[in-house]
Amino acid sequence: MSRAEELKELVSKLYSTHHLEKGEYVSLIENRDAVRDYLFELSRSVREKYYGKDVYIRGLIEFTDYCKNDCYYCGIRCSNKQAERYRLSKEQILDCCKTGYELGFRTFVLQGGEDPYYSDDMICDIVCSIKRDFPDCAVTLSIGEKSEESYRRYFESGADRYLLRHETADYEHYSKLHPPGLSAKHRQDCLRTLKKIGYQTGAGFMVGSPYQTAENLADDMLFLEELKPEMVGIGPFIPHHATPFADKPQGTAELTLFMLGLVRLALPDVLLPATTAIGTIHPTGRELALKAGANVVMPNLSPTDVRKKYLLYDNKICTGDESAQCRMCLQKRVEDAGYRIVESRGDHASFNERK
Ligand code: SAH
């Protein structure tokens, strides 16, 4: 067999068994030019087997950019004194949901820095209020590492899903991206707790983060195989000028797309967003992501006046537009890629069966 045929065999093995050994993932990642087209052919077919041409939309509400953490890559880290900090009130959040509901959103994602101002009581009150006013909608939280008790309280208040990217599965690599006090082990424990409680759980990682190796990405794949999250967020690392990683090179769209394809084969029915970050580094990055196996887009529903403040990285797109503009622009992009937006909660396939 030629080298190219051997690599194709590995892609076929992942397609049929949803598992590769670490060394096999490394081979694929290092020699990806030879198998990219074949991978995308399979990842697209798997995506269409489970979700057809449907693309789910999530309305992203960035409700606070205060953060007590100091992640080296992130623009809203507490040490960035240039960041303009803001918080949204419950009323402002509900207004965003109202706008979003009228635009066809049936999932709202509340994302923010780890902001101690919002007590568990406040988060529960916000979640309850959204579920009361919009009972046919799902609520996703993305507010970082909390105790099991907090996660349980949010869940009992009605939160359906939780996004907590593991960032990198490798403990040593994790410690190069985060200050002492934050650990990969604790983050991974949080993810297991979220799954146990019953959330549709989202893990994920940055592609091309500083010091990342092909072995690290292979470990990310093995971690996902083991955790089996319902959602996986993958985007390129993009430097932010006021962080310690200001001068580090950004991740590439090319490798990000390849990783999306691998994840689609490893977790065939996973909810996989075409992220804003890939749209930021490539003019049609999100369309390409959909064609590589992604099936979710997350347009911004935050009030226009705060969008320029929630900057995790430089040059973020869609920070000047109204929510309605973002919704329409996305619709066109999704259709250009050959897919269609559906106005539903867009639960994971296994959760539809449970209901
Ligand atoms: N505080 C929440 C939300 C984090 S922001 C939490 O802890 O989960 C959401 C994601 O943005 C992060 O998980 C990280 O993967 C990504 N992110 C942060 N800074 C980034 C950067 N400079 N480039 C690309 N992605 C970044």
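Predicted model: local features only at pLDDT ≥ 70, side-chain atom pairs only at ≥ 80, totals over all residues.
The side chain of Arg165 places an N or O atom 2.9 Å from an oxygen atom of the ligand. For Arg187, again through an N or O atom of the side chain, the distance to a ligand oxygen is 3.0 Å. Leu312 takes part through its backbone: an N or O atom there lies 3.4 Å from a nitrogen atom of the ligand. As for cover, the ligand taken alone exposes 550 Å², and the protein buries 91% of that.

Next, the annotation. In UniProt, an unreviewed entry gives "binding site" for Glu167 and Arg187. Glu167 sits in the loop between strand 5 (161-163) and helix 7 (171-177). Is Glu167 buried or exposed? Its relative accessibility is 9%, and the cut-off for buried is under 20%, so Glu167 counts as buried.

The unreviewed UniProt entry also lists residues 53-275 as "domain: Radical SAM core". That span is 38% helix and 18% strand, and its end C-alpha atoms lie 18 Å apart.

Last topic, the aromatic rings. A pair of aromatic rings is described by the distance of the centres and the angle of the planes. How many aromatic pairs does the structure hold? There are 11. One of them joins Tyr117 and Tyr118: the centres are 5.0 Å apart and the planes are at 85°, so this pair is edge-to-face. As to accessibility, Tyr117 counts as partly exposed at 46%, whereas Tyr118 is buried, with a relative accessible area of 5%.

Phe237 and Phe245 form another pair, with ring centres 6.3 Å apart and planes at 85°, so the pair is edge-to-face. Both Phe237 and Phe245 are buried. Ring pairs also link these two phenylalanines with Tyr72 and Tyr211 into a cluster.

Technical notes:
Residues numbered from 1 in each chain as written. Heavy atoms only, no water. UniProt positions renumbered as here; feature names shortened; annotations may be inferred. Helix = DSSP H or I, 4+ residues; strand = E, 2+ residues; numbered from the N terminus. Polar contact = N/O pair within 3.5 Å; in protein donor to acceptor, adjacent residues only side chain to side chain. Areas by Shrake-Rupley, 256 points an atom, 1.4 Å probe, with all protein chains shown as cover. Phe/Tyr/Trp six-rings, centres within 6.5 Å; stacked < 30°, edge-to-face > 60°. Buried < 20%, exposed > 50% of the residue type's maximum accessible area, 1.4 Å probe, protein only.
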